Amino acid sequence: MFRCRECEVILQEGRNWHASYAARNYRHCMDCARAYSRRRYGRIKPTVKRRVPTAPDMAAARMGRTRREWTTANRAVLARERRDRTADREA
């Protein structure tokens, strides 16, 4: 017989606990597991805003673009440079 680690209620298979949890050493009742999930995953927002640079990162603020944005904008230039480097190595 097991008890929930949080609320100390007796775990009963099929009522507030599943037998499949036993293999994972999972000793929480389903109510405590749901409460944990709400606390843990409720804070994660589906649409995350773009990170705004802070004061020490003013160089990036002046540019106004992240490294990823710069790379995607200059993808053709970077590919040309990469082809030139491989051609130099082969020659």
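Q: What makes helix 1 close to its expected span?
A: This is a predicted model, and in it helix 1 covers residues 30–41, which is 12 residues. The expected span is 1.5 Å times one less than the number of residues. For helix 1 that comes to 16 Å, and the reach from its first C-alpha to its last is 16 Å.

Q: Why are the buried residues of helix 1 said to line one face?
A: The buried ones are Met30, Cys32 and Ala33. Looking down the axis of helix 1, they fall within an arc of 160°, so they line one face of the helix.

Q: What is on the other side of helix 1?
A: Asp31 and Arg38 sit there, and both are exposed. Exposed is the word for over 50% relative accessible area, while buried means under 20%. By that cut-off, 13% of the 91 residues in the protein count as buried.

Q: Which residues make up the largest nonpolar core?
A: There are 5 in all: Cys4, Leu11, Trp17, Cys29 and Cys32. What makes them a core is that such residues are buried and joined through side-chain atoms within 4.5 Å. Cys32 is also one of the buried residues of helix 1.

Q: Which residues does Cys4 touch, leaving out those up to four places away in sequence?
A: Cys4 touches Val9, Leu11, Arg27, His28, Cys29 and Cys32. Contact here means heavy atoms within 4.5 Å.

Q: What makes the run of elements α-α-α-α?
A: The protein has 4 helices and 0 strands, and that is the order from the N terminus on.

Key:
Residues numbered from 1 in each chain as written. Predicted model: local features only at pLDDT ≥ 70, side-chain atom pairs only at ≥ 80, totals over all residues. Heavy atoms only, no water. Helix = DSSP H or I, 4+ residues; strand = E, 2+ residues; numbered from the N terminus. Buried < 20%, exposed > 50% of the residue type's maximum accessible area, 1.4 Å probe, protein only. Arc of directions from axis to C-beta.
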